[in-house]
Structures are given as C-alpha cells and as structure tokens.
Amino acid sequence: MRRSTPFLWVLTVAVLTGCSATMNPAFRYDAPADDLDLSSDVILEGNRYDPAVLRLDDETWLAWLDYEPDRGDSLWIGRRREGAWISRRAVVEAAHGTELARPTWTRTAGRDTTFAWLTWEQRQKENWDLAWAVFDASARELERAVLTIPGVNVTEHAASAEGDGPVLIVARHEDRNGSRIALTALGYDPATLRARLAPGRVAVAPRWDNVHQTSARPWAPDIAGDPAGALIVWDEFDGTSFQIRARVLRDGVLGPTVSLTDSDRFEARPVVGRAAGADSFWIAWEEGERGWGARYIGNDQAWNNSTDDRGSLHRLRRIRVARIGLDGERLDVPPLDLPAYEEVETLGPRRDGVREMGLYYERPQLVVDGAERPWVVYRHFAQSQLGRPEITHHHIESGWRLYARALERDGWSPLHRLEHDQRDGQQRLSLAPGPDGIVAAWTTGRTDRREDERPRGVAIAHIVREGAGPRRRSTNDPERTAAPSPARATAPPRRPDSPTTEVGGKTWHLAFGDLHRHTDISLCFAFFDGSLDDAYRYARSVEQLDFLGITDHTRDIDQGDVQSLLWWRATKEVTRHHAPGAFHPFYSYERSHDDTDHNVISLRDDMLRNFPPPLPEFWAEIHDDRTITIPHTTHTVADEPYNGTVWDYQDDQRRPLAEVYQGFRDVSALRELQVPLEKGYHIGMIASSDHLSTGASYAAAWTESLDREAVFDALRSRRTYGATDRIRLVLRSGDHWMGEIVQTDDPLPLQIEVTGTGPLEAVELWVDGTKRETFTPAAESSELRVATEVRAPDRYAFVRVVQRDGNRAWSSPIWLEPTTTAPPDMSTGPAAPHRGFRFAGRLR
C-alpha cells in the first residue's frame, strides 16, 4: 500500500514519582509533509480550558472557561486580530461553585451586521441547563437567557446556523425516565433586538422537539445546516456496539432515523458540517475495536492478553469520513490516509489476534471552509508495544499530537501537524472555518505525578491553504455507496426493572456498580484505559450500572490538590452524569501509596487528599457519614501481600468494605480477607474492575430505594456482595441482612437465596474462615433457596457461590455476638455510629 506520510519515532522518557517503569517504550507519531509542521501559540495559560473559536470577518473570536479555585468557572470571550488581543472580558463571573461547560459559537447574518451567538451549559441547583447570549460585530451583548427544564440535565449540546438563522441546537436531555436527543431553535430580529420566532415548523426555545429517545442512551449529538436542510447525528449502543444514527431536517420537518453504520465495531462521536446551502453533508467519526466493553479479564503482572477484538476500552481507533445526501444516502468519499495502519508491519512481532491494536486516530473535528473543502482535525499516536508478546510496560504517557487534512479537488491534502499536544481524552478541540482555511483552538497540558515542563492552557493555530474543494454533488448523482437504512431496533435493556426482594416488611432493590475504575487521567495505563467519557459510556450504556466510582490516582490529579482544575473537571463529570433514580456516580479517587492505597468514595466533592498522611490521619478528617474508604485488593503477589500492613488498624465506619475480587488481576482476596475478619473487623465484600477489565467485576448492593443516598447507605451498611456476573444473592437472618451484627444467645437461622446467570455448581457456607457446608443445586438449575443456622461460638458467616461457567459471588458476612458482649466504642472521629450496625472502631 502507498505510504503517503512516514512514521516518526519519538522516545518517551517517563519521569516518575512514587512509581517505577522498567523501560521507556516508544510512542510513534506520523510525520507531517514538508513545511507543514505548523507552529501554534499557547495564548491562555494555567486554568483556562475548553475553548470555542469563531471567525468573524478579519477577527478571530474565542470563548473559554477560566477555573478559579474556591469560586468555580467563569466564562470569557475575546477578539483577536493579526495575532494580538483586541478585547477580553468575562460574560459569566465565577461564584461559589459555578459549573459551566461547552462554550460554543455560531453566527447569523442580519441586514447590516453579523450576530455572534454563544451557547453554553451551566449547572443551576441540581440540573444542567442551556444558556445563550447574542452579540453584535463589536462584541456588544444584545440579549441572554437560560433555558431551564426542571428535573432534566441538558448536556452535550451542539449548534448550527446559516444565513440569517435561526440557530439550531441539539442536546442530550436526561432525567429519571431516560435519555433523548432534542432540538430547538433560536432566532434574532435586529429591528427589535429581541429573540424572534424561528421560521418553519421548528419549535422556538424554550420548547424542545424530541429527535430520538431510546433505552440505549444516545450520545454525542451534532448538527449542521438550517431548517430548510440539516443533518442531526448521534451515536448509541445497539446491544453489541455503538452505531452512528442520523435524521434529516427538511423544511422544518424531521425525517426517519437512519443508520449510517451497521458494524460490530465501536462507531462513535460523529461530527458533521457542510458548505452553506449545499445539498450534502460531511461527517467524520471514530471507529474502534470489536467487542467494546464486552467481558474482559486481565492477566496479573503481564497485562498482555488483549487483542484487536477483546480487551480494554481503548485498544485502537481510526477515523472514517463520509458524505451524506439530504435523503440520508452515503456518497463516495476517498478514505482518509492513516499512515500507521499502512505501516503496521513496522511495529515488530505481533502476538496472535493482534494486528491493529495500539494505533490511535481519534476525536475528529470537522468544518467546511470558504473554498468548500472539508477539513478534518484529529489527534494521533501509536503505541508500538501493545501487540507484542512481552509484558506491557506502563506508567508512560506522551500525549496525542494534532493533525489536519483537507479534502480537495484531487484528494486529501498533505498532512499538517500542529504544535502542542493534547494530554487526556476530555480535552477539547474547536474549529472555525475561514475563507481559505481554518482556525483551531484546543486545551493542552497535564498535571500528573511527574514533572512536566510542557505548557498548560489554550493553544491556537491558523491553517491557510490555497485550493478548491470537491465538486458539489446533487442527490441525483448516481455515484453512491449505500441507500439509507432504517435504524435497527436497539437491544432492550438488560435489566428493564431492578431485582427486588421483601425483607422485614420492606421492598429492597438490587443495584449493581463498580467502585474502582481508572481512566487516562491515571498515568498507569493512560494509553489503554480510555477517557472519562469512555468510562461513563461503558457504565451507562454497555453495563447499565446503577452506580460508579471513577478512581483515578490522587497523585495524578495534580498531586491530590482539591483545588486543582483536573479535580474540578472530574467532579463536573459526576454532576453531568448523575441521573436521580437511574444512575449515581460518586466523587471518588484512589489514594494510592502502600497501606494508604484505598479508594475513597464520597457524596462530597471536597474530600480529595494526597497520599502521604497515614490512613488513620486521613480518617480523622472524615467528620460525617458521607465518605468511606475501600482498600485496594489485598491479594498476594509474588508471595507478598499487596497492601501488606493495611489491616494493622481499622475503623468499621470509615472502612466498611473490601475488594474480594478484582478483574484487572483476576484474583480473589478471600484468603487474605480472613485476616481482618479473624481480628474482629467488620468488613463487607465487593468486586471491582481497577484498570482495563470490563464486564467481570460487580459491587452489588441491596438498597431501600434507587437514589444515590440510599445506595451509599447500603455500602456503608455492608449490605453488599461481590460478583463476577449479575448473580442475585441474598444472605439474611430473618429481618437482618448480611453486613449486620446480630446479638443473640440462640442459634442464628440463615436464609440463602441465589439466582445465577447460568447453572450453579455449588453454594458454600463459610463460618469463621472455614467452609462448613456445601449446597448442591439440582442439575442445570440456576436457582437455590436453602435455610441453615450458626450458633455460638461461631462469630461470622458468609456465602460463596460458584457457577459451572466459573462465575462466582461472595456475600458480606453476617456477624453473631452474644447479648452479653458489648465491645467498647473506639471510633476514630466524631461521626456517630451508623444506624443498623455497630462499628468496632480503630483496632490494633
């Protein structure tokens, strides 16, 4: 195959603190064409981020967020000409806890002037709302408003306008009833300087028209065009993979939903653009691996069992570009050159099942310039080691370099490369078309555990290039690649209703979650774990979890600085994805260092701390019942216990749970957890993913309701179990649940209920660390209900479930104490004992 652009080797030297890497593997980057390695300027430094860019006559307009510790986000706009600022000012001032997101520019033309529209998202009280302001050509603000829908989060909005408008806006709406893509329109009357009714049958804000609603939770909407002709795109999970969907808006009327992809690969994050008035649209998206989010279990210490079709959430990416007619049909487009895929044989020996893993072209943005050339700007690196037979080296990162190409009359242009890399998956890139090229603005920089001298802030670059774009094609053009196809019906939810049970006259709900999951914020596997967006997509659409704790390392969150921009960005993702009654993310992180290696799960956003203070000192800072800690798995590695001194002390209220299983290492810590149980600690069981692993580790909790506080209460109460699949497990004694301490001098009756996801092999009762009884279900049965009992001097009992397919579950213990026993109160802080159980406090 023709080699259009050569590879460039770049050696990445990892400067590590508190962590070791055995070697410095090479990151590979495409080399730009001659004289197209373009310089870029970092024009805003420090905590400035999430830029949006617009070209207005001979000026470049920017909008950006400025994070101020203790105050939150402010929103700024600025104008530049010939590389210098003309003006800058805040349009939204930071107040205590102000949360803003996704500033976005669009423009409309009036009779005598051009109007610049700025839309953004802001959190007011509990919901995220859409806000907008309109400016004249001198940046004088004419009007602003906030579009509030009570009980609905409005996020991921995109906007488009042509001519005199209106501004079309699509956004994701989410409430306890589900997610949907919705459309609204804003117009402006320069004669009255007031918002006006939009033409056609498109609704006027604040009314929203439903574009698409499904249990599959649509993601990443985008739009291009006007009411006479617009294309709305998004992606959604179809039960197997993510697919690109679209609807055409013609003369104010929405057409049917069509599928633009129908593959078994990850097809996501579409972006769309067109030349004003054209009868077709350009669309770009990223295509990834097969089996995205499917069950995958790591292999401890080697991490080399991923393949192209099985593994973590970020194994490979390529960019696809298509042209879509007004009827939804795809027209022929030359494929985008991706040199690393053409030169895959240069990566060295590859293990079985690996050819493309480690090649990354992703997060495309697309605009059409004044010459009607579609420009695609994307980011790229190649990790040459990922498919090799030897162990995967970790704790390395070098960033994504930014590249640009334009589709011209004779094909794709030579490759342009922009200075200043992007450093995590959530950093924003914005494009604006000019008459003969584009302007790009993006966030750059990283604040992990290493010393990093590269700049941090907002960078900008102008690309000017002579040439003409591809010829326009009408919908009568015979050169087509596919007819529009109706969207396939998405798979129904795996759990249309939460499992329930009746105990003590109450209905209890079973919630599944993951409380130990990393993203590319953590240095460990920054190239492999995927972004925050990937983690939420996996949790919400693929696994349909009820709760989630993303636990990136505190050392990599600006050394545990609770006032850092990185922590602020992470906490905003929690509020943006929280759907009361449906999905509950927690404020969480991994406080990782020796015996301090614990995941911190909190209802509070101010509990981030670094790792140097010993754990009991950190516990002393927890003054209420809204934060818990969970030790990193304590399994044995190379005959040495991981977190070897973790059980030298205990606080049952602040550390109620432990990981009995971890999918990343495929290890059970059941043996090691007998140590704290034998010491008299009261520790419940969960399972966790950690890095890379998907679909193999669940923290299950029986809750009084499906809201966040009730889920957190179940975790604190140890009303939990760990499982490798969605096994339903109940261990109770009458009205008393697993996790409780029952005081009685009589035999304690136990009721065990199991509903497996496949035939059961055995259900085991363990008492005081020893397997006492084994219950064998009927042949091929996936259910078992059995009663038994324990009695003094027994101290605790738990259940282990084994299925024939190897899946397992481990209940939290239930404790038996004589009524004459009253252990002293040895709590570490002023928080009151949690209702429903007694805690042992700090035991040494």
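In this predicted model, P793 sits in the loop that runs between strand 57 (783-790) and strand 58 (796-803), where strands (E, at least two residues) and helices (H or I, at least four residues) are DSSP runs numbered from the N terminus. The peptide bond that joins A792 to P793 is cis, with omega at about 15°. Because this is a predicted model, local features need pLDDT of at least 70 and side-chain atom pairs count only at pLDDT 80 or more, while totals for chains, interfaces and linings use all residues. Residues are numbered from 1 along each chain as its sequence is written, and side-chain values use heavy atoms, with hydrogens and water left out.

**Backbone geometry**

- Most residues other than glycine have a negative phi, and most peptide bonds are trans.
- A cis peptide bond also joins G165 and P166, with omega at about 10°, and P166 belongs to the loop between strand 13 (153-160) and strand 14 (167-175).
- D35, in the loop between strand 2 (26-30) and strand 3 (37-38), has a positive phi near 65° although it is not a glycine; D35 counts as exposed because its relative accessibility is 77%, the classes being buried under 20% relative accessible area, exposed over 50% and partly exposed in between (1.4 Å probe, protein chains only).
- R363, which lies in strand 27 (residues 359-368), likewise has a positive phi, near 50°, but R363 is buried, with a relative accessible area of 18%.

- Four strands form an open sheet in the order 4-34-33-32, with antiparallel pairing, and two strands are taken to pair if DSSP finds at least two bridges between them.
- Strand 4 (41-45) and strand 32 (429-434) are the edge strands, each pairing on one side only, and the twist from one strand to the next averages 20°.
- Strand 4 is joined to the antiparallel strand 34 (residues 457-464) by four bridges, and in strand 34 the bridge partner of D41 is I460.

**Buried charges without a salt bridge**

- R247, in strand 20 (residues 242-250), is buried yet has no salt bridge, the nearest side chain of opposite charge being D209 at 9.4 Å; a salt bridge is a side-chain nitrogen of Lys or Arg within 4 Å of a carboxyl oxygen of Asp or Glu.
- A polar atom of the R247 side chain lies 2.6 Å from the backbone oxygen of V211, and a polar atom of that side chain lies 2.6 Å from the backbone oxygen of G255.
- E362, found in strand 27, is also buried without a salt bridge, and R317, the nearest side chain of opposite charge, is 4.4 Å away.
- The side chains of E362 and W400 make a polar contact at 2.6 Å, a polar contact being a pair of N or O atoms within 3.5 Å in which, within protein, one must be able to donate a hydrogen and the other to accept it, and residues adjacent in sequence count only if both atoms are side-chain atoms.

**Salt bridges**

- The structure holds 69 salt bridges.
- E287 and R318 meet through their side chains in a salt bridge (3.3 Å, N to O); E287 lies in strand 24 (residues 280-290) and R318 in strand 25 (residues 318-325), so the pair ties together parts that are 31 residues apart in sequence.
- E287 counts as buried at 8% relative accessibility, and R318 counts as buried at 7%.
- R800 and E764 form a salt bridge whose closest N and O atoms are 3.1 Å apart; R800 lies in strand 58 and E764 in strand 55 (residues 760-767), so the pair ties together parts that are 36 residues apart in sequence.
- R800 counts as buried at 19% relative accessibility, and E764 is buried with a relative accessible area of 5%.
- A network of salt bridges links D235, R269, E286, E289, R317, R363, D533, D534 and R537.

**Helix 2**

- Helix 2 (residues 532-542) is mostly covered, with eleven of its eleven residues buried, including D533, D534 and R537.
- At the start of helix 2, a side-chain oxygen of S531 reaches to within 3.3 Å of the backbone nitrogen of D533, and just after the helix Q544 takes a positive phi of about 50°.

Key:
Axes fitted to C-alpha atoms, helices over the stretch in contact; angles between N-to-C directions. Lys, Arg positive; Asp, Glu negative; His and termini not counted.
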